[in-house]
Amino acid sequence: MDIEIKIIKQLTDNYCYIIYSTQTKEALILDPAEPSPIFDYLNSKNLLLKGILVTHHHSDHTQGVLEIKNKLNVNVYSPNSKIEGTTNLLEDKQTVDFEFIKFEIISTPGHTLDHIVFFCNKEKLLFSGDTLFYYGCGRVFEGTYEIMLKSLNKLKLLPDDTKVYCGHEYSYKNLEFILDELVYWKDREGIKQKTRELIKKRGSSMPFKLGHQKDWNPFLNCGDSHYKQGIVDFPKNEGKISKEASEIEFFTFIRDKRNEF
Ligand SMILES: [Fe+2]
């Protein structure tokens, strides 16, 4: 595999990604907010930018688009014509082929109505924006909880060995929420410490494996009887949700609780 992913930290806790071929030096940028470190990296590796990809319209994912587009004269692939600079509109089930890498577009409304994610089957890569986070999911700003749950369930159909790169470094906070507020897991302090150390050592918790999240992410397990039982049995949830509750009722319960955490 000659595809590399460079993680570029942006703003407070955003991630922009540079996806490039070490052979041809062709590159794509996903969700740029602050152009300066992106230009630095492109220059340091002599990369040839082929386009800018955008997952959704929020400014922390788009505010760097125009400056980069104007300077390097590239196309902007986004799901919404209102995103400034958009040249190519993307929609669900579309394939976009950049030769060195090919993406399938999956529409995942909920966080915003225009949200899309980029999946590369050959390399098993998913850029999930603000739909799926490590141990969490995005807040539901524009869609309904039903719509968001449906979007997350679509992502569950992707292969277990998919490496996921998401839009924010929320991993530790998400994990803390699960351990302190949602379910009982053995050795919670040990898990917290290990995760803290891992993020510090690597500088980021990206990427993470989708298969692991299918087992442990609460938002991907709202229909799983074993996971539901764990939530019902957790002392802080006593009397607040029953194990007979439906998948969407569990999703609503967990999302509301996470919003307040
Ligand atoms: Fe967002």
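The following legends describe close-up views of a predicted model.

**Figure 1. Helix H1 and its buried side.** Helix H1 comprises residues 35–44, and Pro35, Ile38 and Leu42 are buried within it. These residues lie on the same side of H1 because they cover an arc of only 65 degrees around the axis. An α-helix has 3.6 residues a turn, so residues three or four places apart point the same way. The face turned away from the buried side of H1 carries Ser36, Asp40, Asn43 and Ser44, which are exposed. Packing partners of the buried residues of H1 are strands S1 (3–10), S2 (14–21), S3 (26–30) and S4 (48–53), together with helix H3 (65–72). Just after H1, Asn46 adopts a positive phi of about 55 degrees.

**Figure 2. The largest nonpolar core and the contacts of Ala27.** This core holds 62 residues, of which Tyr17, Ala27, Ile29 and Leu30 touch the most other members. Strand S2 supplies the largest share of the core, with six residues. In soluble globular proteins, nonpolar side chains tend to be buried together. With neighbours within four places in sequence left aside, Ala27 is in contact with Ile18, Ile19 and Tyr20, with Leu42, Leu47, Leu48 and Leu49, and with Lys50. Leu42 is also one of the buried residues of H1.

**Figure 3. The open sheet of six strands.** The strands follow the order S7-S8-S9-S10-S13-S14, and their pairing is mixed. Strands S7 (95–97) and S14 (208–209) form the edges, each pairing on one side only. Strands S8 (residues 102–107) and S9 (residues 116–120) run antiparallel and are joined by four bridges. Within this pair, Ile106 stands opposite Val117 in S9. Strands of a sheet pair through backbone hydrogen bonds, either parallel or antiparallel.

**Figure 4. Phe98 in the loop between S7 and S8.** Phe98 occupies the loop that links S7 and S8. Because 17 C-beta neighbours lie inside 10 Å, Phe98 counts as partly exposed. Leaving aside neighbours within four places in sequence, its contacts are Glu26, Leu28, Lys50 and Gly51. From Phe98 to Ile8 the separation is 90 residues in sequence and 21 Å in space, C-alpha to C-alpha.

**Figure 5. Helix H6 and the segment that follows.** Helix H6 covers residues 188–202, and its end C-alpha atoms are 21 Å apart; this agrees with the span of 21 Å that its 15 residues should have at 1.5 Å a residue. H6 is hardly covered, as the count of buried residues among its 15 residues is zero. Gly203 follows H6 and has a positive phi, near 80 degrees. In the loop between H6 and S14 lies Pro207, and the peptide bond from Met206 to Pro207 is cis, with omega near -10 degrees.

Figure 6. Most residues other than glycine have a negative phi, and most peptide bonds are trans. Leu11, in the loop between S1 and S2, has a phi near 50 degrees, a positive value in a residue other than glycine. Leu11 is partly exposed because 15 other C-beta atoms lie within 10 Å. Lys93 is found in the loop between strand S6 (88–89) and S7. Although Lys93 is not a glycine, its phi is positive, about 70 degrees. Lys93 counts as exposed because it has 8 C-beta neighbours inside 10 Å, and the cut-off for an exposed residue is 12 or fewer.

Definitions and conventions
Residues numbered from 1 in each chain as written. Buried ≥ 20, exposed ≤ 12 C-beta atoms within 10 Å, placed from the backbone. Helix = DSSP H or I, 4+ residues; strand = E, 2+ residues; numbered from the N terminus. Arc of directions from axis to C-beta. Contact = placed C-beta atoms within 7 Å. Pairing = 2+ DSSP bridges. Core = buried A, V, L, I, M, F, W, Y, C linked by C-beta atoms within 7 Å. Expected span 1.5 Å × (residues − 1).
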